[in-house]
Structures are given as structure tokens and as C-alpha cells.
Amino acid sequence: MTVSLETVGQAASAVYLSEHNRGRAATSCTFVEYPHYPQQQKCSSSKWTSNSHVHCPSAIWRRRSSERGLPGSSGVSQHASAVEVDKRDPFVLLPCDFVTDGLDEPSVVWSRYDLNPSTVHQRQQEGDELKDQNQLYSSRTSMKTDALKTGDLSLNLTKLHLSDSGSYTCTVRWFRMGRQRELRVTDIQLQVKVSQHASAVEVYDWDPFVLLPCNFLTDELDKPSVVWSRYDLNPSTVHQRQQEGDELKDQNQLYSSRTSMKTDALETGDLSLNLTKLHLSDSGSYTCTVRGFSRGLKKELRVMDVQLQVKERFPSWAKALLVLLVLGLLVGALLVHFRQYFMSVYQVEVDSGAESVQLPCKTTVHLPKDAKVEWRDGDNRKVHVYQNGSDQPEEQYSNYSGQTKMKRNLLKPGDLSLTLKFPRERDSNTYTCTIYNRERRSLMKKQVELKVKVYQVEVDSGAESVQLPCKTTVHLPKDAKVEWRDRYIINRKVHVYENGSDQPEQQDQVYKDRTEVKKDPLKTGDLSLTLINPTYRDTDIYTCTVYNRKEHILMEKHVELQVKVYQVEVDSGAESVHLPCKTTVHRPKDAKVEWRDGDNWKVHVYQNGSDQPEKQDDVYRGRTEMKRKLLEPGDLSLTLKYPTERDRYSYTCTVYNREGRNLMEKQVVLWVKVYQVEVEEGAESVQLPFRTTPDLPEDATVRWVCYEPSYRTVHLYKDRSDQPDKQHQDYKDRTEMKKDLLKTGDLSLTLKHPKETDTGKYRCIVYNKDMWREKRVKLKVKGNIRNRSSSTDPTPLMADQSV
């Protein structure tokens, strides 16, 4: 019985052997016809065949390089799939394909490991098994009844919530030799969104009302509220509704007594706004925003933008002309009166960590003594308030406490500028300076856009160290604390300096023995951090923060570190490729050099003055080479022979001392281009090339298959001879391999009389119980343009090849 397993498009799966590969890069599995091999745990490729039992020699678990994530790739890596869906959609299908025919007692589990319990859906041969299902998914999941028979293990999820966003894992389990086995087949990143819609509404000024539409179910949020805003106004709030009812204390007075919402708006999801007594000035962009809490975190979603146009309608052209004339005069007066509103936004740039930045706001007009000066940020929070001849810190938003300053005698003609101390990246915003009279009428308004730049540092992977700069000329108290953090998930502590010394016990384990700050940093003002042996995993934004004894922030600076990974590109079919790794530092004689691939498998090991091939993974045995006298300052580079697409990886060269401490680490990304062959239909033959190391084992099997558009065995060489009876009928009497192919290592296939239907992707696999090699070739047979059938040249066609 033959069972085929094929990945389906980009949603195809990264398959993990849970006992060995959890948390590593993707692998996929090929099971082929073998006699029994005990304690088989590793396997590779994407086809498998079974004779009543599943057998797979220990050397055969291997990665599927075409589905591997490499450093520098964006978004979700190819071994996972990303699905984006709108919350309003009736359902979403999470794809997973894996043929379980031939497995004993197979089952499939869909999981979300960020939840407890993590089970989303489980299916066994008898049917669904939902006793361990997370209640968030109760009555919302389903799978096909014949899923375990057909291999379509996709999950159907209905009644979508925003909280459904997350990483879903499809895992297949079965029993073999009395033990449960497990394969992690697919990771799906689901994003449930509410599309930000924009709509346009037109009404006339004599209409009694207009309804601005907005629909959003808030049942997933705690303490939900909705705010309708016009951001071209100040204050910007048009209407706000909370669970208790309308909250209109911040409402712009232009809309007083003219707005309403349904009393059950937050229960039904109909958040539409009713606006009455329409004015031309009501024209503008209205935004419907939902706010609330989810899992203790404050959430805010901009649901809808509505462009309202209020038009005038007149009975005759004469009246229209008259009204237009009056409007022209009014508009002119308004432009003069509100000229400050139409001034361009002033832009200011400053480096993160600077001692201060000034947001300019000046006037040449005398202001009344009882005027109020108010600075607000783009979120309408009060940054600084000046009234009755003094600052009003009690009105200030807490984040700006102690961070702002204005000059004295503000209301004389002159300077209303704001000084913002130690600007941080999150202070990038648009700030508005507004002056009000006693009646709260705006006398002047000016906007300033502040951009706080993050300092950027670039370094090559493998460098000895890199410095993240942070300096200040401000006097810092002796009892201040300096804290460096990264942004990785939970803002891990990179380095802590307190009470006159480093505090390594507070440091995250990832940075142990890898960070340094200079002596007396608080005295010198040089708080820079040295990061030793930077790797691509250290690419991040780092924050240096100084706290006083009361944990108030005195200074903060951000530094973005980019660790560049060297990239090498080679053609499939090249004899070898060089993966560079050089150092200028002497290494101890007992140091160990270890090259590993992206799955953390050992590619090459050098220790005690010689190579250690017995520690090498079987796939790389006989294919790697390093120079002698490695530990002298110089070259630790690796030569990889006969690279194929499966070798497309991120490789890491690491040097350890006797105690196993990491002395140096460098990454290299290898790109191996798929070999492509083109030929015209009617040619005598075409050759699909594959050369590897000579003197292959005599018991090795060579299998050429076409795996796309459909799976077919093209040629099989086994037990030292061709096996034409195993060949697909489409290729009968049309294939040929060279003599002594195992001795020479030339496993190329000659395909005679190629047809347009032969176009596809081909793979050659050579293996025995201890060895596995593979190469892929893409063949394109072009439609017959000229007749070449009379050619007497027996040489296989190798022309028109491209990579």
C-alpha cells in the first residue's frame, strides 16, 4: 500500500518530531520502503510509502528547506502559514494536510499554547474528543467527519472574536511499538481584524438629521465605550458613550444637544451616531473608536471613518448668488479670525536621550491676564497647563509629570514655548499649544510635530563586541539606578547597575557574561553598554533608563541594534560553497569549534586538534572540510561540498572554551538556487543533473520522482540495478542512468523524448540506512516550435539551462 503526503501550497506544514525538534526550525518527513530498523527517530522529505507498518531509518529525518525560516525574512516564515480574516466573516478555515492512513490509532489535536487549557479541538477515529477543549471555543469548532481518512485535517472556526487571533498548531499523534508518537504538522498564525471602513455620507442643511453608521460588537471587551471624534477640532470629542450612559464632559460645544446614540448601542453593536440641526460646518471626517479592556490590557480600535458632506440647497440662482456673496464675506472674516488654525504644523526632530527639546510657540499679541495656556498631545492628554500666573501640575497627565517647563511672564508678547526634558521615543507626537480666554474661547492655537529619533547601530554577526551608546552631561545622583532592557516580549533586563556596582543576578540569562558598562558611569555620565559576541538574535531596540531612589525616570534613551548576517548564494550543482567565519583573536588550544545548521544539527566539529566526524550529522558526513591550525587567529570557515536546495539554511559557527562557555558566534545564511532546465518538445533527450560525492555505499538506493504537478516514480535504482517495474507508465522505456553511478557519484537522469506534459519539479534521493542525499531540478518542456525528431545526435540536451 502506497500513501502519499504532499504539502499544499504555502499553507503547507512545518512538521516537527516533538521528542527532538520542538522549538527548532521546520522539518518534514519522508517514509520510504525499508526493512525494519530499530529505534528509528529521524526522517525527511515529503513522500512516504508504507508496508502495513511505518519504518524510517535514523538518518532519514530531515528538514524541508523550502519551508524553512531564515534570519532576515519578514513576517511569518514559510514553514508556517498566515491567515487574516475579518471579524464579521461567518467562519475561517485553518488548513492542515497530513495522510494518517497506515498509522495505528491516529488522532489530531489543534492547540493554542498561549491558552490554558491549550486544546482548541481534538479528533480521534471514533469522532470528536472535546473534554479537554478550552471553553473559549465551545460550540465554535469542527472538522470533517472523514478527516483522518482523507488527510484533510483543517479546522473550521465560527463566530469569530478578536481574541481568536493567535498561533494555532496542528499536531498528529499515533502509536507505534506500544509508544505514542507525535508530529507537529502545521503552525497557523491567525489574525482576526476589524477592517477600518471608510464611508461617505451626503445630506442637505435643511434635512432634520443624519445617521453616521458604525457597527461593532463589544461583548469581548470589559468596560467598553465608544467615542465619535473629529480630529480637526479641539476638543475633538463629538460624542462619547459608556456602559452607564452618555459621557459628554469633553464634548466639543459645537455639538451640544445635537448628538445621540441608541441606549442599547454597546449591547447590540449598533454604534451609529445621530446628528441633528445640521450646519455646513458639520462637514468633515468623523471617526468611530471603540475602547475597552481585554485580559487586563487597555485596547483601542478605530472602527469606522465617515466623511460627512453637508450641502446647501437654494430655490434660484439669484438667491444662490446672494448667499454665496454673504458666505464669501463670512469665510473671509473667519479666515482672518481663525488664521492660526490654518498655519502649517511646525516640525521638530531630536535624538532619543537628549537632555531636552523645545516645542516653539510664540506670539506678538498681548494676552489677557486671566488667559489660560494649555499644551496637549495628539491623544488630547494635557502635557502642561499655565493659568492664573503659575503652572498647574495637578492638571497635567501623569506621564509628563516633572518632564515639562515653560518660561515665566508668559502672557506678555513673547514665548509660550514648552521645554520637554529627556524626550523618549514614545514622546513622538503632535503637540498643540492653545490659549483660552476666561469664557473658554480659543484665542490662539499652534501645532508642533515632534519626532524623537532612535539611534541606530549596525554590526556584523561574529564581531567581538558592539557598543550601545548612552551619554549625558547632567549630574546624576549617586544612588541612581541604570537599567538596560531589550524589547523582546517582556522587556528582558540586559544589564543593571545599582549601589555602585553591576547586579548580574538581576540580568536575564541570555545576557549572562556578555555585557559591560564602564567604571563610575554615574560620575562620568557615560552609561554606554558593551554587548559581547553579538548574534542575529540580538537585533532589537534597547532602552537605557536612569531612575532615582523613588523609581522616577531621570533619563531614557533608545538604541536600535542591527546585527547583520552574512549571506552566501550558490547554484545547485556547484561542487562546493564556502561559509566564511574569521577571527583576529587567539583561541585556547583546547577550544572547540562547532558548525550547526538552523535545526541545531551538527554540521562539523573540530576539537583537540582534529575533526570529529563521529559527532557530525549523517547528512553532512563526507561533505565538509575546515582548514588546519584553526585556533590561531584566522580562518574558521567551512567548505560544504555538493550543496543542494536542502542545504539552504542559516549556519552558525560557535567557539567554546573547555567549560563550554561561548567565546564567539557567527551566522551565515546560505541560499542554494534551484537548478532549472529548459528543452523543446521533440528533442532527443534532456538531462536532469545531480552530482554528489563518489564511492557511495553499494547498498544505496537512488530514486528519481516527479513530485509536482503530481507524484510519480520516474526511475528507481536499487540492489545495484534499475527497477523498471517500479516506474510510472508515463516514463516506461524513456529514462536512463549512467553506469557505475554509485562509484562516480553522477546520479544524473537522462529523459528521452521529453513531452510538454513532462514539465514539473523533479527530485532525486539517494539513501541507505545511514545516509541521505537529495537534489531537486525544475524541468520546463516548451511546446514544439521546430521538429528535432530527426536529430541523430545521441548526446542528452543540456542547452537552455538557467538557474
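Good morning. By the sulfur-to-sulfur cut-off of 2.5 Å, the count for this chain comes to two disulfides. Please keep in mind that the structure shown above is a predicted model. For those new to the topic, a disulfide is a covalent bond between the sulfur atoms of two cysteines.

Let me begin with the pair Cys96 and Cys170. A disulfide joins these two residues, with an S to S distance of 2.3 Å. The torsion about their S-S bond is about -70°, so this disulfide is left-handed. Where in the chain do Cys96 and Cys170 lie? Cys96 sits in the loop between β5 (91–94) and β6 (104–111), while Cys170 belongs to strand β11, residues 166–176. They are 74 residues apart, and the pair thus links distant parts of the chain. Both Cys96 and Cys170 are buried.

I turn now to Cys214 and Cys288. Here the disulfide has an S to S distance of 2.2 Å. The link of Cys214 and Cys288 is left-handed, with -70° about the S-S bond. Cys214 is found in the loop between β14 (209–212) and β15 (222–229), and Cys288 in strand β20, residues 284–294. This pair, too, links distant parts of the chain, at 74 residues apart. Cys214 counts as buried because its relative accessibility is 0%, and Cys288 counts as buried because its relative accessibility is 0% as well. With bonded cysteines counted along the chain, the disulfides follow the pattern 1-2, 3-4.

Other cysteines call for some care. Cys470 counts as buried, at 0% relative accessibility, and Cys653 counts as buried, at 0% relative accessibility.

β5 is part of an open sheet of three strands, in the order β5-β10-β9, with antiparallel pairing. β5 and β9 (141–142) stand at the edges, each with a single partner strand, so one side of each is left without a neighbour in the sheet. Two bridges join β9 to strand β10, residues 155–158, and these strands run antiparallel. Which residue of β10 is the bridge partner of Thr141? That partner is Leu157.

Thank you for your attention.

Key: Residues are numbered from 1 along each chain as its sequence is written. This is a predicted model: local features need pLDDT of at least 70, side-chain atom pairs count only at pLDDT 80 or more; totals for chains, interfaces and linings use all residues. Side-chain values use heavy atoms; hydrogens and water are left out. Helices (H or I, at least four residues) and strands (E, at least two) are DSSP runs, numbered from the N terminus. Buried means under 20% relative accessible area, exposed over 50%, partly exposed in between (1.4 Å probe, protein chains only). Two strands pair if DSSP finds at least two bridges between them.
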